[in-house]
Amino acid sequence: MQKQPGVIALMGSGELTTTMVEVHKELLEPYGERAQAVFLDTPAGFQLNADDISKKAIDYFQNRVLRPLTVASLKSAEAGREGTVEQAYRRVREADYILVGPGSPTYALRHWKQTHIPELLVQRISEGGTFVAASAAALTVGRVTLPVYEIYKVGASPFWAEGLNLLARFGMNWAVIPHWNNAEGGNHDTRFCFMGAPRMAQLEAQLPDGTGLLGLDEHTALIIDLAQDRAEIRGMGSVTLRRHGGEQVFAKGDRIPLGLLRGEDVLDVKAPASGEPAGPSADKRTVADGEDRVWQPVEDLADKVQAHLVAGRVEPATQIMLELERHIADVREQLQERSAEGAAREALRGLIVLFGTHLARRPASRRDCLAPLVEPLLALRVQLREKKLWEVADAIRDTLQQAGVLVEDTAEGVRWHLIR
């Protein structure tokens, strides 16, 4: 029996933040409790803190997503110690869920192209796996990739590098741009993954024929379900598609026809001359210094809110949210100096979204809350009565009544209601 293809999830940023916890959980759910999730570390392989990034991913999955995560470590094609490449291959082959994130897209591509990683990724997606490419990794999956560091940090003239072209293997021809609505620059334009409008205009003119721009807002995910032939947007922002002078912007919760991603349908909205993205927001970047009294409390308080909500403690979570808001107001000037005020407010907004999700899932009434417990007990009581185990059946009824649940046997069947 031929296997159905899986899922490609592209994230504009925030892959290890509060806003993406539920997205990871839902993407992992189809694989069951024994899902094999791996983190591929190549994009950050050149960084001295590469292992710290991997550790952060492991901790995030263990404590927030509540799933185990292992590392498929391939910091370079040369691999360092003997057997590293083969071990990374094995973990990718066995993975149900592959997450790749921050670093340099051009570094990752240079090393992946010397290995079997590109074909293994296509193989796992084709066989039903989920591939999550976030931030720098999202840049790699298109026909061309944006050399962010080379242009933004080193000052190279705008140009495209050859991409992994993974999307094209599934009929989609795009250049993927995360951080589409970035606002870190403060007094200078850092939209479009730090390029700004003038440089992005130059880049767009250099795109290969037939290739469109797929812009991902920060803390936003585009979930492409190949088996279900659909794509939908999760998170906090929008997804922008540009091709042949047309532009369409899709908000969170929207579904994008896969025909549009495959170029079968025409974008029907004229792109604005200014190239304005929808709604600016800033990247939630952390400060490395663990003693930092400006940014670190933002992370710590957000973690506490998350922990209280997981435990169902809404009141303390609310109090800590207010404490976080006060802290942001108190250190506003310092945050502005770091171009991090927007990131702090983004963290606060993410927690508000988490609150809404948590409250929407709570039962609407006490009866709704008790029903998952009471109704199975009553079904068991019916079975006991059929077996003439009257004493045990009556014990269930009497125990429920002591807890405030009155059970009535009628001609139409058993009924129950609350007596206090």
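How many helices and strands does the secondary structure of the protein chain come to? And, as the part for the close look, what do the buried residues of helix H16 pack against?

Modeller: This is a predicted model, in which local features need pLDDT of at least 70 and side-chain atom pairs count only at pLDDT 80 or more, while totals for chains, interfaces and linings use all residues. Residues are numbered from 1 along each chain as its sequence is written, and side-chain values use heavy atoms, with hydrogens and water left out.

The secondary structure of the protein chain comes to 16 helices and 16 strands, where helices (H or I, at least four residues) and strands (E, at least two) are DSSP runs numbered from the N terminus. The C-alpha trace spans about 85 × 60 × 50 Å along its principal axes. Of the 420 residues in the protein chain, 51% are buried; here buried means under 20% relative accessible area, exposed means over 50%, and partly exposed lies in between, with a 1.4 Å probe and protein chains only. Among the contacts (heavy atoms within 4.5 Å) with a separation of 6 or more, 67% join residues 24 or more positions apart.

Within H16, Ala 393, Ile 396 and Leu 400 are buried. These three residues cover an arc of only 55° around the axis, taken from the directions from the helix axis to the C-beta atoms, which puts them on the same side of H16. The buried residues of H16 pack against helix H15, residues 366-386, and strand S15, residues 405-410. On the face turned away from the buried side, H16 carries the exposed residues Glu 391 and Gln 402. Just after the helix, Gly 404 takes a positive phi of about 95°.

Helix H1 (residues 21-28) is mostly covered, with six of its eight residues buried; among them are Val 21, Glu 22 and His 24. In helix H5 (residues 117-126) lies Val 122, which is buried at a relative accessible area of 10%. Leaving aside neighbours within four places in sequence, Val 122 is in contact with Leu 166, Arg 169 and Phe 170. Val 122 and Phe 170 are separated by 48 residues in sequence, with their C-alpha atoms 8.9 Å apart in space.

Positive phi values also occur at residues other than glycine. Ser 135, in the loop between strand S5 (130-134) and helix H6 (136-140), has a phi near 55°, and Ser 135 is buried, with a relative accessible area of 13%. His 179, in the loop between strand S8 (174-177) and helix H8 (191-194), has a phi near 50°, and His 179 is buried as well, with a relative accessible area of 4%.
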